[in-house]
Amino acid sequence: MDGEATDEFLTTTEYERLRRATETYREDLVVAMAGRVGLRPSELTAVRPTDLREHERDGECFYCLTVPEGDGDTREAYVPREVAHDLRKFAASNDVSRQDPFVGVSSRRVQMLVSDVADRVEGLHYVTCRDLRKHFAWRHLVNEGLSPRVVQSVGGWKSLDSLARYYSTPTTTTIIDAFENQAQGRGNREGRASGRDERLTNERYFRSTELLTCAEGLGQTLAEASTDEDVLTAACEHLADLYRGVWLCDERGVTQTSSVPARATSDVPSDVLDAADVVDEEDGPDVTIVGGTSADGPLSNCSFAVTPLQSSENVHGIACVADSSFRSVDRTFLADVGRRVGATLTAITRKRLLLTDTGVSLSFRSTDHGVFLVAASAELDCQFALEGVVPVEDHSLLYFVTASGAAVGDVLDCVTATDAVEDARLIRDYGDDALFEFAVSGESLATVLVERGGNVRELSVESGVLDASGVFSQHVDVRSVVETVEEAFPETELRSKREVEAPNGSGVRVRETIHDRLTERQRTVLWAAYLAGYFEWPRGSTAEELAASMGVSSPTLHNHLRKAQQKLLDSAFEETDHQSADAGRH
């Protein structure tokens with residue numbers, strides 16, 4: 001379980017060994033809230049005594065926890081009685097007020113606490129907060145047989161596809177037993193539930209199973225796609241197995257590929273596209289359900305569901321499907337399809353930029369104090385230079401920034417006071433300037449450019465004025481990029497647009513190796529280690545510091561680093577061997 005495994009999970013026995021290895025009340029509470037309630041580190045540090053609610057049913061007490069998810073959203077998590085008792089006891093014994101968090105430390109400190117506990121247990125030193133959440137899902141889905149929809153809801157997973165990894169392919173015996181037990185159960189329930197209730201329950205179960213199967217197949221196909229056309233075709237074919245009509249369109253609503261019955265329109269009805277601009281709060285922010293449309297022929301009595309194909313803020317187009325009706329699981333599934341297809345299209349765009357001979361460079365200038373580096377630079381009258389950005393767990397980012405013209409303490413105090421920055425640390429003080437690591441959860445100009453498919457080549461700030469440039473593929477919609485930046489940060493303007501040459505020769509071969517041979521986690525860890533000065537001497541960051549920032553254990557970090565280094569060296573020496581062989585032939 002090094003972060004890449006998908007079919008190995010902590011057993012209940014192993015989890016209990018971890019609980020017994022805790023040495024403090026806080027450690028025990030952290031392990032319980034991650035492994036029994038399914039909380040992420042950032043959620044674990046945010047919940048308060050006032051969020052723990054008691055519910056009575058049939059004379060028994062049950063407990064739920066209101067968990068903040070960001071942007072004002074919350075979810076209800078189920079809390080076992082013994083964990084709820086421990087939470088209340090901890091709050092009372094530590095004088096935690098109802099409005100203060102149960103665990104008053106940073107999310108990175110929580111990750112380190114779990115790592116400390118795991119290091120005490122033989123054979124489980126690799127365990128992280130993520131492994132505890134995986135155990136939570138595995139335990140309830142496989143051991144206890146809970147509905148995937150319930151587990152998804154209480155655990156805060158964005159899609160049912162995220163839970164597919166926890167199920168093994170059923171054997172023939174398992175299939176026969178399942179249907180036989182279902183038939184027997186139906187007979188035993190006669191007189192206790194109406195036939196209609198049974199039918200609805202079965203329909204929901206089989207629909208969830210269909211969606212999970214489709215999501216798993218689509219994920220495998222998208223992993224092999226190499227062009228935009230491959231991605232759209234794959235999505236269309238998989239969705240056509242579930243819905244009566246499917247259309248994949250660009251951002252303007254122009255159909256790129258579709259699958260519809262004979263005599264049905266090959267384009268999405270215009271009134272569906274018009275209505276899709278309005279988000280129905282009941283359906284959620286990612287999917288719009290449209291009924292009573294002008295569609296005729298085989299789809300005249302259908303409703304339509306529309307979702308964006310997007311990677312964060314980067315919208316590539318829309319997906320539209322038609323069917324007689326849509327359940328809540330369909331809306332969740334379609335929203336996830338939109339995000340997965342969007343993320344794949346973004347990855348292909350970035351690779352195209354990596355290997356192309358030329359690209360488009362866009363340069364921006366901003367004085368918008370919504371960019372935390374602009375605000376900090378203006379307050380301290382100092383300079384910042386962004387060295388690189390690394391994505392980490394829970395959708396946050398690590399910024400590696402060089403600061404000059406201000407004291408180290410002033411920089412740390414000023415930056416951590418902003419809403420965008422969760423944590424900050426000094427990596428190395430060079431005297432005239434210093435290198436910092438900022439854990440950023442809010443929006444910034446660099447992240448907007450990256451999410452629109454760009455590579456940030458330069459970003460510097462001086463006395464409240466930021467200059468940044470990003471290189472994009474020649475296929476990028478420049479107007480869309482500029483509009484997105486200006487909408488996020490109004491005090492920003494486009495300074496120039498020009499064609500530039502992309503790296504070539506051995507530089508491209510190295511980048512190809514990084515993109516094609518390294519896993520996503522290996523690339524991330526290697527890039528973070530490089531930016532944090534791990535390979536310098538003396539080192540700017542230790543393995544333990546880097547592991548804490550990345551939210552993994554030290555052995556896991558070393559594992560990823562070694563594998564990434566081996567692959568890079570293999571590629572370098574393979575190229576050297578080929579060059580030597582070619583020289584020998586001549």
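Predicted model: local features only at pLDDT ≥ 70, side-chain atom pairs only at ≥ 80, totals over all residues.
Helices, of at least four residues, and strands, of at least two, are DSSP runs numbered from the N terminus. Most residues other than glycine have a negative phi. Asp381, though not a glycine, has a positive phi, near 50°.

Ser463 is another non-glycine residue with a positive phi, here about 50°. Ser463 sits in the loop between strand E14 (455-462) and strand E15 (465-472). With a relative accessible area of 37%, Ser463 counts as partly exposed, because this class lies between the 20% and 50% limits.

The next stop is strand E13 (residues 433-440), where 7 of the 8 residues are buried. Strand E11 (residues 397-404) runs antiparallel to E13 and is joined to it by 8 bridges, with Thr402 opposite Leu435 of E13. E13 also pairs with strand E12 (residues 421-429), again antiparallel, through 7 bridges; here Arg425 has Glu437 in E13 as its bridge partner. E12 and E13 make up a hairpin with 3 residues between them, and Gly431 in the turn has a positive phi of about 100°.

Turning to the helices, the axes of H2 (residues 25-35) and H4 (residues 81-93) come within 11 Å and cross at roughly 145°. This crossing of H2 and H4 is left-handed. Among the residues making the contact are Tyr25, Leu29 and Met33 of H2, and Val83, Leu87 and Phe90 of H4. The contact residues comprise 7 nonpolar, 1 polar and 4 charged.

Technical notes. Residues numbered from 1 in each chain as written. Heavy atoms only, no water. Axes fitted to C-alpha atoms, helices over the stretch in contact; angles between N-to-C directions. Left-handed = near helix turned anticlockwise from the far one by under 90°. Contact = heavy atoms within 4.5 Å. Nonpolar A, V, L, I, M, F, W, Y, C, P; charged D, E, K, R; others polar. Buried < 20%, exposed > 50% of the residue type's maximum accessible area, 1.4 Å probe, protein only. Pairing = 2+ DSSP bridges.
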